Amino acid sequence: MAPLRVLELYSGIGGMHQALKESCTCAEVVAAVDVNTLANEVYKHNFPSTPLWAKTIEGITLKEFDRLSFDMILMSPPCQPFTRLGLQGDVSDPRTKSFLYILDILPRLQKLPKFLLLENVKGFESSSARNELLRTLATCGFKYQEFLLSPTCILTRFPDQDLEDLFKDKVIDKVGEASSSLSSEEKNLDPDIGPDCSSKKSLPKGAFLFKLETVKEMERKHDQDNDSSIQMLKDFLEEENEEMSQYFLPLKSLLRYAFLLDIVKPTCRRSTCFTKGYGHYVEGTGSVLQTAVDVQLESVFKHIEDLAEEEKLMKLSTLKLRYFTPREIANLHGFPLEFGFPDKVTIKQCYRLLGNSLNVHVVAKLISILLG
């Protein structure tokens with residue numbers, strides 16, 4: 001059987017390509033398209049034989065698309081127009097222009113692709129861009145399936161479960177044509193399981209609520225960390241060494257953002273989402289790691305607001321908080337150890353590139369469903 005001819009749009013560092021490899025699909029990426037020069041360098045570093053088009057999608061003509069004669073499109077359009085923390089400009093955001101161009105081109109192709117997989121963030125599912133996508137798919141005669149997913153639900157809670165059992169409404173294949181849409185957030189699969197895959201149990205009596213957290217948030221984190229079906233963070237960490245000192249939080253960040261940090265230990269089974277601002281901005285960009293594992297958070301944060309600045313800093317310093325390294329975040333995203341970055345790419349640039357990427361394992365499973 002001839003390999004599937006795959007077109008990878010918004011290819012970034014190659015998360016979709018890596019997922020395609022992991023799915024063990026007989027396929028060839030005939031072109032990867034992205035305008036980000038640095039992301040393209042990382043892509044070429046890992047997939048040197050793949051034709052890489054460093055141009056805008058709107059700059060690709062219908063004839064050029066037709067010449068590729070692709071069977072499958074993998075794409076992860078810009079998420080900023082749909083994120084909850086953004087302006088939610090949707091189709092009026094200039095960054096959506098290229099996606100709308102794809103939807104305009106698709107029905108006019110000489111040969112329609114058989115498969116299409118799109119990944120984006122929670123918020124896309126209620127957008128006008130998504131509605132335009134569905135209208136285009138209907139025009140082209142595609143059947144589609146949408147998933148709202150969390151990696152912990154798919155990869156750890158049901159590791160041995162058949163995918164067709166997990167997704168009761170499997171992608172329908174009509175004359176070999178199907179489309180699947182993925183959003184990188186949560187979907188409730190059980191009435192007793194929360195959106196983060198935690199069971200709805202109460203905190204033990206006497207549990208201490210530290211930082212600026214609600215009881216509900218504390219319960220959610222407690223349940224996640226006690227879910228033995230999920231791997232501990234220590235499985236994804238690099239060995240501690242002298243080079244780790246560059247990842248420790250600056251003192252001014254400790255003082256300013258102490259009450260906003262999401263602090264996890266190596267034995268935790270959860271983290272917040274790592275965004276492209278990780279390592280540069282503190283609030284809402286990803287968890288930080290407590291390397292002094294024997295120090296109790298409660299003992300540090302209790303009455304800390306009453307202390308003088310110097311005493312406060314001394315207490316916070318005992319936690320030995322550091323950022324996750326780029327390699328550790330790549331591990332959490334499911335990139336294999338052989339996936340790397342060129343030497344010239346800085347740590348800050350690695351964070352930005354990984355924050356714009358996706359979970360390889362989840363997309364690999366979706367590709368298997370789509371082609372199944």
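This briefing covers aromatic ring pairs and nonpolar cores. The model is predicted: local features need pLDDT of at least 70 and side-chain atom pairs pLDDT 80 or more, while totals for chains, interfaces and linings use all residues. Residues are numbered from 1 along each chain as its sequence is written, and side-chain values use heavy atoms, without hydrogens and water.

**Aromatic pairs**

- Rings of Phe, Tyr and Trp (its six-membered ring) pair if their centres lie within 6.5 Å; planes under 30 degrees apart are stacked, over 60 edge-to-face, and the rest tilted. The count comes to 12 aromatic pairs.
- Phe 274 and Phe 324 are edge-to-face, because their ring centres are 5.2 Å apart and their planes stand at 65°. Phe 274 is in the loop between strand 8 (263-264) and strand 9 (288-290), and Phe 324 in the loop between strand 10 (321-323) and helix 12 (326-332), so the pair ties together parts 50 residues apart in sequence. Helices (H or I, at least four residues) and strands (E, at least two) are DSSP runs, numbered from the N terminus.
- Both Phe 274 and Phe 324 are buried, that is, under 20% relative accessible area with a 1.4 Å probe, protein chains only.
- Tyr 278 and Tyr 323 have ring centres 5.2 Å apart and planes at 85°, so this pair is edge-to-face. Tyr 278 lies in the loop between strand 8 and strand 9 and Tyr 323 in strand 10, 45 residues apart.
- Ring pairs join Tyr 43, Phe 47, Phe 335, Phe 339 and Phe 341 into a cluster.

**Nonpolar cores**

- A nonpolar core is a set of buried Ala, Val, Leu, Ile, Met, Phe, Trp, Tyr and Cys residues joined through side-chain atoms within 4.5 Å.
- The largest has 63 residues, of which Ile 13, Phe 301 and Phe 341 touch the most other members. Helix 14 (residues 360-371) supplies its largest share, eight residues.
- Another core, apart from it, has 30 residues, including Phe 65 and Leu 103.

Notes. Buried means under 20% relative accessible area, exposed over 50%, partly exposed in between (1.4 Å probe, protein chains only).
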